[in-house]
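Reader: I am new to protein models. Could you show me how to read one?

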Amino acid sequence: MDIVREVKSFRFTILLHIFVSYLCNNPTNSGAVSLTTASIDSILASNELVFINFYADWCRFSSLLAPIFDDAADKVAQEFPVAGQVVMGKVDCDQQTEVAQRFHITKYPTLKVIRNGQPAKREYRGQRSVAAFTEFIKKQLEDPIREFSDLAELKNLDSKKRIIIGFFDRKDVPEYTTFRRVATNLKDDCQFHVGFGEVVRAMHPPGQPIVVFRPDVAMSNERDETFNGSLLSYDETNVWMSEKCVPLVREITFENAEELTEEGLPFLILFHKPGDMDVVKRYKDVCQSLANEKQNINFLTADGEKFAHPLHHLGKSQDDLPLIAIDSFRHMYLFPDVKDMETPGALLNFIKDLYSGKLHREFHYGPEAMEVLQVEGKIGSPDAKIPSTTPPESTFKKLGPSKNRYTLLRDEL
């Protein structure tokens, strides 16, 4: 009997340990789902939307966010209970280093959106509250496509927006599934419109859906373009639509400045007066000829009234608008005369002078002194003791990710 009691006691002890271990690792079914190297791919593949908090336990901003994010996950799970629709997840970047590296995490906490298995271009940078997270999820799950019932409606679309229009026989075709998936990923960059059946029968051959890109014609000289690839290929469709929806020249605002700054490329910025769309259009046309430089520089426009502070650093005011400048995240350099931007090679040389160091040297020595040094062959030599001037400091660097909001892993700027 003693042996039986000992066996029972041993079994009870084992079961108790298993139960306690389960509680420690799975205290409740609430909160955000912990994602690991082993589980993340299946979660991403089986859900339309995954909203992930990349954190570190030692980061104080992560610690402040954790209970808020978990509470939001509970509320989202209640409001969207359908399996495969949305999951709020979290990744401990110290424990899951491969996952953190895969998603290029450089600050804690980083909040990323994954739609249909594809990382969205933009991180979440809004308010960190249950209400804000919940509202964000609701907007992300809204249908990005507007259906029209008459072709005449296409004449009244916003000409200041980049638009993609689909013409399909019906919704239950694989081509439309691809169209909708890509539209969901690019909903922040383009407007999407679609027509079906008799409404669009005159616009495409039967059984051959057509997708057309319409640029922001009020802001550029681009023309409508038809997709010539296969709508059965998600990758091919996504690449084409992404290139069309994300313009070469973007407007910088206080809302997107952090995002643009974190991309790490210097800014070539046209500062203009509000309403001066003619100079914006001309600037965009010039930048199109410099598209090969998009890996080296961000082409931007800025409202000169809203961004008066950078103008002040350049020694300029709104009376001097429009003007063009480069912000290298160390210094700002002024393009000599905005009237010359359409002179062949002028803006390209300005960009090249940044990377060659010429802009910096000229600010330190002055253009005239530089000419003398070049003639004498003394550029960079100890004999080049000429009174220097200091180029204006970058103002846009200060709009990047703040140390009062994130733990920055490295200085990317």
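Reader: What is pLDDT, and what does the protein chain average?

Author: pLDDT is the predictor's confidence in each residue, from 0 to 100. The protein chain averages 87, and 84% of the residues score at least 70. Over residues 14-28, pLDDT stays under 50. For that stretch the model has one contact beyond four places in sequence. Contact means heavy atoms within 4.5 Å.

This is a predicted model: local features need pLDDT of at least 70, side-chain atom pairs count only at pLDDT 80 or more, and totals for chains, interfaces and linings use all residues. Residues are numbered from 1 along each chain as its sequence is written, and side-chain values use heavy atoms, with hydrogens and water left out.

Reader: How are strands found, and when do two strands pair?

Author: Helices (H or I, at least four residues) and strands (E, at least two) are DSSP runs, numbered from the N terminus. Two strands pair if DSSP finds at least two bridges between them. Strands of a sheet pair through backbone hydrogen bonds, either parallel or antiparallel.

Here, an open sheet of five strands has the order β7-β9-β8-β10-β11. Its pairing is mixed. The edge strands are β7 (145-147) and β11 (225-226), and each pairs on one side only. β10 (residues 210-214) and β11 run antiparallel, joined by two bridges. F213 has E225 in β11 as its bridge partner.

Reader: Now a single residue. Is H193 buried or exposed?

Author: Buried means under 20% relative accessible area, exposed over 50%, partly exposed in between (1.4 Å probe, protein chains only). H193 counts as buried because its relative accessibility is 5%. This residue sits in strand β9. H193 and L157 are 36 residues apart in sequence, and their C-alpha atoms are 9.6 Å apart in space.

Reader: And which residues does N53 touch?

Author: With residues up to four places away in sequence not counted, N53 touches L65, F69, G89, K90, V91, P109, T110 and L111. N53 lies in strand β2 (residues 49-55). At 3% relative accessibility, N53 counts as buried too.

Reader: What is the volume of the largest pocket, and what lines this pocket?

Author: Start with the method. On a 1 Å grid over the protein atoms alone, a cavity is a set of points where a 1.4 Å probe fits but cannot get out. A pocket is an open set with protein on both sides within 12 Å along at least five of seven lines. Lining residues have an atom within 4 Å of a point. Grid points are joined across faces, edges and corners, and a volume is the space filled by probe spheres set on the points.

The largest pocket has a volume of about 1,500 Å³. Of its 46 lining residues, R122, K161, D188, D189 and N256 are the closest to its centre.

Reader: Which element gives the most to the lining of the second largest pocket?

Author: α7 does, with five residues. The second largest pocket has a volume of about 840 Å³.

Reader: How many cavities of 30 Å³ or more are there?

Author: Two. The second largest cavity has a volume of about 30 Å³. P109, T110, L111, E123, Y124, R128 and Y406 line the second largest cavity.
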